[in-house]
Amino acid sequence: MSRIKEETHYAGFAAIVGRPNVGKSTLVNRLIGEKIAIMSEKAQTTRNKITCISNMEKAQIVFLDTPGIHKPQHKLGEYMVRIAESTLKEVDVVLFVIDASEKQWLGDEYILNRLKKVKTPVILVVNKIDKLQDKRKILQIIESYRKSYDFAAVVPVSALEDKEFPQLTDEILKYLPEGAGYFPEDMITDQPERILAAETIREKILQLTRDEVPHSVAVEVLDFKERENGSIYISANIYVERESQKGIIIGVGGSMLKKIGAKSRSELENFLGNKVYLELWVKVRADWRNRENDLRDLGYK
């Protein structure tokens, strides 16, 4: 029998963890009905913990989208893994997201071993089931993962195609304490607008540039001002680690940078509800991912 009572309000925190590129950010955007977390087909897109708030009639679920847990190759990677692992201790329930179209990797076992060290209940979310031609494979996947961990629940989903997630929401609510919401009802994230602007620009770079660029890119918003006419002026530096990467982002005659700016500006205008003037510069910051001072300057602290 469910513990959920119709007349009671519930509020709590749910962490979303998993290997890079299993669809965590797509899932959290769908769960709250707004695009907050940036998305890309490239792994390790999310670098910080992102708070996304879902307000329902009888509950407030605060989703914490985390960087993909992986074996770090640099200090930025170490920071990302620390953020993801520390989040496990802060929440009421964990959503462990896997990709149904891929076999169980060592990276999944690595995460499960980390989950065994905390007492937080874990829901296995089997994502990307839309990629399976034979849906009977879902049962095989579930059976395989259940051998490694005693999950509180298992929920198959397609973050790409599903519009609602009633089964997943019901399972989350089972582990949330009774109480009022932590955030106002009209709030969907606690991310400052400057951070959202920087992440939007970085998302467009990930989507438009070649494979050798994305992980080396950081964006720093220098100026974010609302003008008297209501428009918003944003200026930002795009940092890369090598001159060759700078050339790729600028493009022939500045063509790539113009595309990045146009797509970023359009999305920011939709989100902010105002006309946006955006200025971008590209600069080389050699080996910034391994330099503590650079990481701190760029907000990874």
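1. Tyr182 is partly exposed, with a relative accessible area of 47%, where partly exposed covers the range between buried (under 20% relative accessible area) and exposed (over 50%), taken with a 1.4 Å probe and protein chains only. This is a predicted model, in which local features need pLDDT of at least 70 and side-chain atom pairs count only at pLDDT 80 or more, while totals for chains, interfaces and linings use all residues. Residues are numbered from 1 along each chain as its sequence is written, and side-chain values use heavy atoms, with hydrogens and water left out.

2. The protein chain has nine helices and nine strands, these being DSSP runs numbered from the N terminus (helices H or I of at least four residues, strands E of at least two). Of its 301 residues, 52% count as buried. Residues 24 or more positions apart account for 72% of the contacts with a separation of 6 or more, a contact being heavy atoms within 4.5 Å.

3. The structure holds four aromatic pairs, that is, rings of Phe, Tyr and Trp (its six-membered ring) with centres within 6.5 Å, called stacked if the planes are under 30 degrees apart, edge-to-face if over 60 and tilted for the rest. The ring centres of Phe13 and Tyr182 are 4.8 Å apart and the planes stand at 55°, so this pair is tilted. Because Phe13 lies in strand β1 (residues 10–18) and Tyr182 in the loop between α5 (166–173) and α6, the pair ties together parts that are 169 residues apart in sequence.

4. Phe96 and Phe151 have ring centres 6.5 Å apart and planes at 15°, so this pair is stacked. Phe96 belongs to strand β4 (residues 93–99) and Phe151 to the loop between α4 (137–146) and β6 (153–156), so parts 55 residues apart in sequence are tied together.

5. In helix α7 (residues 243–250), Gln245, Ile248 and Ile249 are buried. Seen down the axis of α7, the buried residues fall within an arc of 95°, so they line one face of the helix, the arc being that of the directions from the helix axis to the C-beta atoms. Their cover includes α6 (193–208), β8 (232–240), α8 (255–272) and β9 (276–284). Just after α7, Gly251 takes a positive phi of about 75°.
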